[in-house]
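The points below may be read alongside the display.

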Amino acid sequence: MNHSKLSAVAQVFTIKSDHGLSEARYDKIIEWARSILLEGNRLKENFYAAKSMMKPLGLGYQKIDMCHNFCKLYYLENAEITECMTCGHSRYKSRTGRGKTLVAYKKLRYFLITHRLQRLFMSLRTAEHMTWHQAHDVVDGVMVHHSDGEAWKLFNSVHPHFSVESRNVRLGLCTDGFNPFRSFVAPYSCWPVILTVYDLPPRMCMRLEFMFLSTVIAGPSSSGWNIDVCLRPLIDELVQLWSFGALTYDISRKQNFLIRAVLMWTINDFPAYGMLSGWSTHGKLACPYCMENNKAFTLANRVKLFFLTVIVASCHLITDTERTKKISLLVELKKMLHPRVFLVKNWMMLSQSTVTLCLTFNQVSKSFLVLV
């Protein structure tokens with residue numbers, strides 16, 4: 001016998017996930033498989049039974065009702081409220097027919113991360129790699145891992161009580177929104193929030209199996225600046241892991257220890273950065289590094305600000321001499337540009353090569369339109 005009951009169900013679950021099978025198709029396949037197996041086989045008869053078997057492994061998620069306008073979660077102290085106290089919107093949809101089940105307008109899916117972090121130490125495949133960041137050879141001036149960077153070292157010096165245990169976990173958070181239906185005719189917003197384990201070596205920490213989905217924010221519209229409301233369950237769990245930890249068994253050392261975790265970085269594009277941090281990424285103070293010292297300007301007969309990538313996105317990475325040269329280039333560009341040279345629909349983010357190209361076109365024709 002090559003498979004146990006658990007391994008068989010796990011593999012069929014993997015096939016269902018990889019190929020996007022519906023529950024009905026899953027049940028049909030299991031029904032056929034059971035018909036060709038010996039009588040008395042222990043393969044679970046349908047998807048519901050298989051899911052009930054997998055649930056104790058900690059692979060499930062929590063469904064949390066949420067205000068239709070992203071005002072609050074009906075969670076913990078607000079779990080019994082039926083109407084939002086901020087906007088007054090009802091929690092549940094109106095009942096139709098004879099149905100007795102109350103259906104919320106919007107739901108948040110939250111996947112607990114503590115159990116998944118604990119499983120990293122319960123497997124021989126990963127337990128020994130969780131302390132690689134402290135054991136690897138360090139070469140002066142060469143950064144091969146986040147632990148070689150200044151941010152990691154500064155955090156260790158500020159929080160020695162955390163860094164003294166090499167098995168404590170450092171996490172990175174990344175998120176972005178997309179339309180899962182691939183159609184602008186049916187607008188829909190889905191924001192997955194993913195955590196990455198940075199204790200692992202570089203060849204492992206960016207692999208798909210070590211990127212943990214923690215939250216799914218789905219709905220017709222984006223949460224926008226209220227994304228912090230949706231992240232409350234994750235924040236509560238991270239606070240719990242930072243303050244109290246969780247008892248975990250380390251199979252590589254054959255001992256229990258108290259695992260703790262900290263969120264070190266976030267990875268996102270500029271609009272998502274504004275949502276997560278609360279910093280407005282619009283207007284003259286859009287750059288969180290330059291702030292009021294940026295060189296943004298408004299084109300003639302236009303009301304929107306003009307930024308160059310070399311000044312905004314990379315201003316904190318270049319030297320003063322390089323910045324002076326780039327600003328001089330910007331001044332020359334501003335003098336030569338005709339108001340109709342650029343049709344600005346949003347912020348224009350141009351590299352130095354694009355600026356040179358635009359200068360060339362401007363000499364040829366004053367009415368040349370460059371769509372950004």
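In which loop is Lys 254 found?

1. Lys 254 is found in the loop between strand E6 (246-250) and strand E7 (255-259). The model is a predicted one, and in it Lys 254 has a positive phi of about 55 degrees although it is not a glycine. With a relative accessible area of 57%, Lys 254 is exposed.

2. Leu 76 lies in the loop between E1 and strand E2 (106-110), and a relative accessibility of 53% makes it count as exposed.

3. Helix H2 comprises 14 residues, 23-36, and its first and last C-alpha atoms are 20 Å apart, close to the 20 Å expected at 1.5 Å a residue. Within H2, Tyr 26, Ile 30 and Ala 33 are buried. These residues are on the same side of H2 because they cover an arc of only 60 degrees around the axis. The cover over the buried residues of H2 includes helix H1 (5-19) and helix H3 (47-54). On the other side of H2, the exposed residues are Ala 24, Arg 25, Lys 28, Glu 31, Trp 32, Ser 35 and Ile 36.

4. Leu 6, Leu 57 and Leu 59 make a nonpolar surface patch of about 250 Å². Of these, Leu 57 is placed in the loop between H3 and strand E1 (62-66). Leu 57 counts as partly exposed, its relative accessibility being 39%.

5. The whole structure contains eight salt bridges. In one of them, Asp 65 pairs with Lys 107, with the closest N and O atoms 2.8 Å apart. This pair links distant parts of the chain, since Asp 65 belongs to strand E1 and Lys 107 to strand E2, 42 residues apart. Asp 65 is buried, at 9% relative accessible area, whereas Lys 107 is partly exposed, at 27%.

6. A further salt bridge joins the side chains of Asp 236 and Arg 232 (3.4 Å, N to O). Asp 236 and Arg 232 are four residues apart in helix H11 (residues 232-243), so about one helical turn separates them. Asp 236 is partly exposed, at 29%, and Arg 232 is partly exposed, at 27%.

7. Asp 250 and Arg 253 meet through their side chains in a salt bridge (3.8 Å, N to O). Salt bridges with shared partners join Glu 165, Arg 167, Asp 250 and Arg 253 into one network. Asp 250 is buried, with a relative accessible area of 1%, while Arg 253 is partly exposed, at 39%.

Technical notes. Residues numbered from 1 in each chain as written. Predicted model: local features only at pLDDT ≥ 70, side-chain atom pairs only at ≥ 80, totals over all residues. Heavy atoms only, no water. Helix = DSSP H or I, 4+ residues; strand = E, 2+ residues; numbered from the N terminus. Expected span 1.5 Å × (residues − 1). Buried < 20%, exposed > 50% of the residue type's maximum accessible area, 1.4 Å probe, protein only. Arc of directions from axis to C-beta. Contact = heavy atoms within 4.5 Å. Patch = residues over 30% accessible without salt bridge, like charges linked within 9 Å, V, L, I, M, F, W, Y side chains within 5 Å. Areas by Shrake-Rupley, 256 points an atom, 1.4 Å probe, with all protein chains shown as cover. Salt bridge = Lys/Arg side-chain N within 4 Å of Asp/Glu carboxyl O.
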